[in-house]
Amino acid sequence: MDVDYIVKAAIALFIIMDPFSSLPVFIALTRNIPNGNRGLAANKAALVAGVTLLVFTLIGPAFLSVIGVSMQSFTIAGGVLLLLMAISIVMGISYGKGEEHKVDVAVVLIAVPLITGPGAMTTAIILAAKYGTDSVMAAIALSTVATWLMLRSAEPIYRAIGKSGNEVLSRISGLLLAAIAVEFIRTGLSI
Amino acid sequence: MLESLVFALAALFSVFNPINIVVYYISLSQGLNDERKRLLAVRATALAACIAVFAALAGGPFLEFMGVRVSSFRIAGGIMLVIMGIMTCMGNSDEKKNGSGDSIIPLASPLMTGAGTISMTILLTEQIGIYTTLLALAIMLAIALVFMLNAYAVRRVLGDDGMLVLPRVLGIVVVAVGVQYVTAGFGSVV
């Protein structure tokens with residue numbers, strides 16, 4: 001357990017969780033609910049995202065060893081999924097289109113796969129192998145809280161940077177994600 | 001034997017994705033009375049079993065007959081698993097839900113025994129032998145049937161959130177298994 005590791009891991013997770021591209025979706029999906037309840041929706045989204053990530057970090061590796069999947073394969077798999085996610089973010093394809101309009105469903109869609117997607121799960125497992133499980137647990141808590149704060153402040157942030165500012169930021173984080181994805185695939189292939 | 005059975009069960013569990021089956025089963029069986037709901041689950045499982053057993057028995061010999069090497073099929077089957085996993089993770093599930101007419105078809109295949117399960121079955125037969133594969137398939141189909149017959153209890157336990165989250169997690173595992181087979185296939189080529 002090292003503060004340096006926790007901070008590094010938390011930053012990596014925060015980048016992968018990418019609340020910048022979650023924010024516009026979050027606002028779009030919760031626009032019909034009254035102002036007081038948007039906070040509750042943010043709580044729920046962050047909770048589902050954090051718990052999913054914690055559970056997967058704990059039991060994911062054990063499950064992988066039973067199934068005979070090596071860490072390399074899992075890294076490549078994560079990289080492929082991440083790359084697809086990045087492409088969808090850069091191209092502006094949104095998740096959950098045509099799904100039910102119930103706010104509950106919308107909130108879960110924001111939590112998984114938007115915040116805790118395959119990318120965040122893969123990153124958490126890889127970071128756990130690198131920095132130790134306890135550090136990553138703390139990092140997950142930190143990055144989830146940071147994401148939660150961003151979701152809580154969805155409206156003021158959105159107003160401040162505006163629709164086009166948010167659009168641009170999402171594209172840039174998509175590009176960053178693509179680079180991280182390629183790095184994952186290369187790590188898995190060790191080239 | 002026991003070890004390869006556990007391996008086969010874990011691998012099949014991720015491609016079968018019982019929770020995903022429950023999600024579709026609930027939406028496909030809406031409006032049916034309890035009797036018809038049970039019948040749908042049993043019939044779908046029976047059809048899925050037929051397809052899976054046929055794949056297990058005929059898959060290997062057929063590939064051999066066609067002159068396909070095991071390594072080639074590992075690569076092909078692995079690619080199939082990667083695509084199936086990606087669809088589970090990111091896919092929009094709406095198209096598959098609109099099973100008009102006899103809903104046994106989307107449920108038994110491609111949901112229970114689609115390209116993913118068929119590839120997995122054939123890969124398992126050449127890896128751990130046909131008997132262990134058939135045993136694992138039987139157990140897995142029984143698990144799927146139990147999940148469907150208790151669909152509403154499963155949903156109560158997991159909640160709507162769990163029902164959305166868990167199938168996606170298993171989807172990532174399927175992608176990883178697929179990548180593992182592709183690399184194994186290339187490993188025996190190079």
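**Notebook: helices of chains A and B**

I began with chain B, which has 9 helices and 0 strands. I took helices (H or I, at least four residues) and strands (E, at least two) as DSSP runs, numbered from the N terminus. The model is predicted, so I kept to its limits: local features need pLDDT of at least 70, side-chain atom pairs count only at pLDDT 80 or more, and totals for chains, interfaces and linings use all residues. Residues are numbered from 1 along each chain as its sequence is written, while chains are lettered from A and ligands numbered from 1 in the order in which they are written.

**Entry 1: chain B overall**

I noted the pattern of chain B along the sequence as α-α-α-α-α-α-α-α-α. Its C-alpha atoms fill a box of roughly 55 × 35 × 30 Å along the principal axes. I then looked up the radius of gyration, taken over C-alpha atoms, with the globule rule of 2.2 Å times the number of residues to the power 0.38. Chain B has 16 Å, which agrees with the value near 16 Å for a compact globule of 190 residues.

I found 48% of the 190 residues of chain B buried. A residue is buried if 20 or more other C-beta atoms, placed from the backbone, lie within 10 Å of its own, exposed if 12 or fewer, and partly exposed in between. Of the contacts in chain B between residues at least 6 apart in sequence, 92% join residues at least 24 apart; a contact requires C-beta atoms, placed from the backbone, within 7 Å.

**Entry 2: B:Ala48**

I located B:Ala48 in helix α3 (residues 34-65) of chain B. B:Ala48 counts as buried because it has 26 C-beta neighbours inside 10 Å. Leaving out residues up to four places away in sequence, I listed its contacts as B:Ala108, B:Ser109, B:Met112, B:Thr113 and B:Leu141. For B:Met112, 64 residues away along the chain, I recorded a C-alpha separation of 6.2 Å from B:Ala48.

**Entry 3: α7 and α8 of chain B**

I looked up which residues join these helices: B:Thr121, B:Leu124, B:Thr125 and B:Ile128 in α7(B) meet B:Ile130, B:Thr132, B:Thr133 and B:Leu137 in α8(B).

**Entry 4: chain A**

I recorded 8 helices and 0 strands in chain A, in the pattern α-α-α-α-α-α-α-α. Buried residues make up 45% of its 191 residues. Among contacts in chain A between residues at least 6 apart in sequence, I noted that 91% join residues at least 24 apart.

Terms used:
Contact = placed C-beta atoms within 7 Å.
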